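Colleague: Please take a close look at one part of this model. Then lead me on from there to its surroundings and the rest.

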Amino acid sequence: MPASRRARRLRWLVPVAVAAAISLLAFLPTLSSAATPDLPRITAEQLVAKVKQSNVQAFSGTFQLTSDLGIPNISSLQGAAQQGTGLNPVDFLSGTHTATIAVDGPDRQRVSMPGSLNEVDAFHDGSNAWLWQSDGHTVTHYILPADKPDANDASKPPEAPEPVRTPDDMAKKLLDQITPSTNVSVTTPDYVADKAVYELVLAPHSADSTIDHVGIAVDAHNGMPLEVTVVPKGQTKPAIDLGFTKIDYSKPGGSFSFTPPPGSTVTTKDLTKKGDHAGADAQKPEPINPAAGPLKMTHRVHGHHGEAMGPEMPMPTASGPESTKVVGDDWTQVIIASGVQLPVRGFGLREASTPVSGAWGSGRLLHTSLANVLFLSDGRIAAGFVNASALEAAVAHG
Amino acid sequence: MLLAELATLFRRLRVKVLLGVLAAIPAALALAVYLSGGPSSGRGPTFLDQVSHNGMFAALAGLTVAIPFFLPLVVAVVSGDAIAGEANLGTLRYLLTRPSGRTRLLATKAATVAVFCLAATVAVALGGLIAGVILFPIGKVVTLSGTTISLLEGIARTFAAAGIVAASLLGLASIGLFVSTLTDAPVGAMAATAGFAVLSAVLDNVPQTRAIHPWLFTHHWLAFGDLLRSPVRWTDIVADLRLQLGYIAVFATMAWARFSTKDVLA
């Protein structure tokens with residue numbers, strides 16, 4: 001086939017054109033989503049009220065947690081935590097995690113978290129809850145007490161293994177925290193999961209806080225919070241972004257109960273019996289993921305701002321704190337736990353933290369863009385959404 | 001022409017041996033589980049701990065084990081050889097004397113490589129299934145979501161998974177075909193293609209390159225497991241197939257641009 005030099009060159013234009021067309025197709029959706037919905041202006045108070053009045057009983061959808069806490073050497077933490085199977089709380093500290101959820105009233109929910117060739121599913125149907133982990137085929141069956149202590153919390157059963165909280169749960173708790181310490185505003189409308197939303201912005205006044213602002217995207221039609229973002233100071237990208245990518249407000253179908261498949265290991269935990277959660281956990285036969293210990297602390301702190309993002313992992317009984325106390329208030333709260341025996345050496349915490357010392361003593365600081373955690377050499381742990389110097393000051397006074 | 005090419009390919013001793021080894025991988029896994037007398041729960045590759053409960057899982061365990069390394073290697077060998085091998089043997093000239101033209105020859109070679117990808121993954125699935133049925137009981141299949149499906153549906157989903165894995169390899173195969181048009185040394189083309197697979201896998205495991213992860217052809221290689229959920233999760237499978245289509249479109253046209261204007265001397 002005698003082709004002239006010119007014709008030869010021209011043929012190479014075909015793959016170039018194909019590549020260009022593909023990149024155009026890939027990036028076009030991002031450009032078109034820049035449009036903003038046409039919504040009437042409302043005040044922050046109206047928006048908060050809208051959320052409080054929101055009464056979405058049933059929905060199903062997909063939500064995503066993207067976290068970028070800027071922890072150095074997070075892979076060392078992950079490697080250590082991977083020794084356990086199933087849920088790995090350290091995994092939630094970085095990357096993107098997707099889960100699907102279906103909710104039908106306060107008594108029926110299911111959450112499914114697909115991983116790479118594995119899956120964790122949680123089911124709640126009335127007085128029964130199940131946690132299925134495809135790794136090792138383990139099932140934990142919880143029998144829940146009939147009376148719910150807190151009606152507001154009914155969307156999440158007290159012991160139900162719901163590893164990632166839904167955005168609406170997180171936001172409602174956050175709104176309860178609104179105090180004079182916070183600057184509340186509403187930004188321009190946007191779209192989340194194809195729904196028109198208002199975004200409520202909460203910015204702490206305190207200079208010690210590591211949080212620049214917390215954004216809550218609220219469905220303009222029914223007041224359901226669809227996305228929560230936490231942006232640390234000095235960053236434009238959120239450190240935590242938990243939001244729906246797809247949502248459907250119709251009543252979800254399918255079963256909410258779970259039948260353990262043949263060959264699986266079933267552990268039953270009867271929570272109706274006397275003895276608190278700690279007692280029930282202590283009877284847990286399987287070895288508990290050791291990384292859960294230190295992480296529990298950060299999750300507690302998150303919880304004070306209503307932002308617990310990780311699974312409520314059971315405390316390893318051997319290293320539970322003797323006492324905890326809270327210093328400071330609102331955004332600058334610091335939790336100090338004493339008497340915690342931490343296996344710092346073996347679990348990659350050493351690689352992820354830096355040594356610090358001062359008039360208050362010495363220890364190791366785990367610095368993230370959002371939370372700071374101080375592991376003191378005397379066995380205390382202090383954690384909070386405050387900068388390192390405020391954390392050290394809290395330790396010195398506490 | 002396609003049939004003739006296929007017959008030539010599968011008559012080769014090299015290809016027969018490769019397919020045999022592929023089928024032996026899950027069989028060896030199943031045998032190892034059988035001899036060690038039971039599962040080590042929660043350890044080793046996914047699906048492997050299920051093999052002793054249900055022999056059918058040997059096929060899926062085989063796919064899981066073969067896809068990171070052996071399958072790409074085999075595809076690199078066959079696709080890298082496609083054009084360069086003919087050039088090396090001096091047979092490319094004779095193929096081009098046929099009136100069908102270069103574009104048609106390239107298309108035939110591409111189709112042959114694609115059929116081989118499917119043959120390779122089906123060999124893994126079949127090898128696993130046969131070994132599993134011989135060594136272990138079979139029965140209802142437990143999905144990743146903890147639900148139970150019938151054995152027949154499980155087998156159907158396993159072969160569908162083999163099909164998805166085959167499709168996942170097409171991106172690499174088209175890279176191999178392009179590289180094969182660049183050189184007359186088939187070994188070089190094979191090595192370069194395998195190198196691309198390794199590079200893509202390495203980049204996919206480095207968190208610092210997270211921005212390009214969705215664009216790496218190895219990124220969704222484990223998506224076939226989503227067929228074993230209930231309901232089946234299509235998101236990643238669809239993303240995988242679209243990505244492979246993109247790679248095929250770019251590299252097949254590059255192979256065409258190169259091959260249709262190449263000076264064939266050998």
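Modeller: The expected span of a helix is 1.5 Å times one less than its number of residues. Helices (H or I, at least four residues) and strands (E, at least two) are DSSP runs, numbered from the N terminus. The model is predicted, so local features need pLDDT of at least 70, side-chain atom pairs count only at pLDDT 80 or more, and totals for chains, interfaces and linings use all residues. Residues are numbered from 1 along each chain as its sequence is written, chains are lettered from A and ligands numbered from 1 in the order in which they are written, and side-chain values use heavy atoms, with hydrogens and water left out.

Start with helix α8 of chain B. This helix covers residues 170-182, which makes 13 residues. At 1.5 Å a residue, α8(B) should span 18 Å. Its end C-alpha atoms are 19 Å apart, so the two values agree.

Now look at its cover. Buried means under 20% relative accessible area, exposed over 50%, and partly exposed in between (1.4 Å probe, protein chains only). In α8(B), 11 of the 13 residues are buried, so the rest of the structure largely encloses this helix. Among the buried residues are Leu172(B), Ile175(B), Leu177(B), Phe178(B) and Val179(B). Gly171(B), Ala173(B) and Gly176(B) are buried too.

What do the buried residues of α8(B) pack against? Contact means heavy atoms within 4.5 Å. Their partners are α4 (70-89), α6 (102-135), α7 (151-168), α9 (186-204) and α10 (235-259) of chain B.

Ser200(B) is buried, with a relative accessible area of 3%. Leaving out residues up to four places away in sequence, Ser200(B) touches Leu216(B), Phe217(B) and Thr218(B). With Thr218(B) there is a polar contact between side chains, at 2.7 Å. (A polar contact is a pair of N or O atoms within 3.5 Å; within protein, one must be able to donate a hydrogen and the other to accept it, and residues adjacent in sequence count only if both atoms are side-chain atoms.)

The loop between α9 and α10 of chain B holds Pro231(B). The peptide bond leading from Ser230(B) to Pro231(B) is cis, with omega near 0°.

Now turn to chain A. Its secondary structure comes to nine helices and 18 strands. Of its 398 residues, 48% are buried.

Six of the strands form an open sheet, in the order β13-β14-β18-β17-β16-β15, with antiparallel pairing. (Two strands pair if DSSP finds at least two bridges between them.) At the edges stand β13 (323-327) and β15 (354-358) of chain A. Each has a single partner strand, so one side of each is left without a neighbour in the sheet. Inspect one pair: four bridges join β17 (residues 372-376) to β18 (residues 381-384) of chain A. There, Asn372(A) has Gly384(A) in β18(A) as its bridge partner.

His137(A), between β5 (128-133) and β6 (138-143), has phi near 50°, a positive value in a residue other than glycine. Asp194(A), between β7 (182-192) and β8 (195-204), has a positive phi of about 65° although it is not a glycine. His137(A) is buried, at 6% relative accessible area, whereas Asp194(A) is exposed, at 75%.
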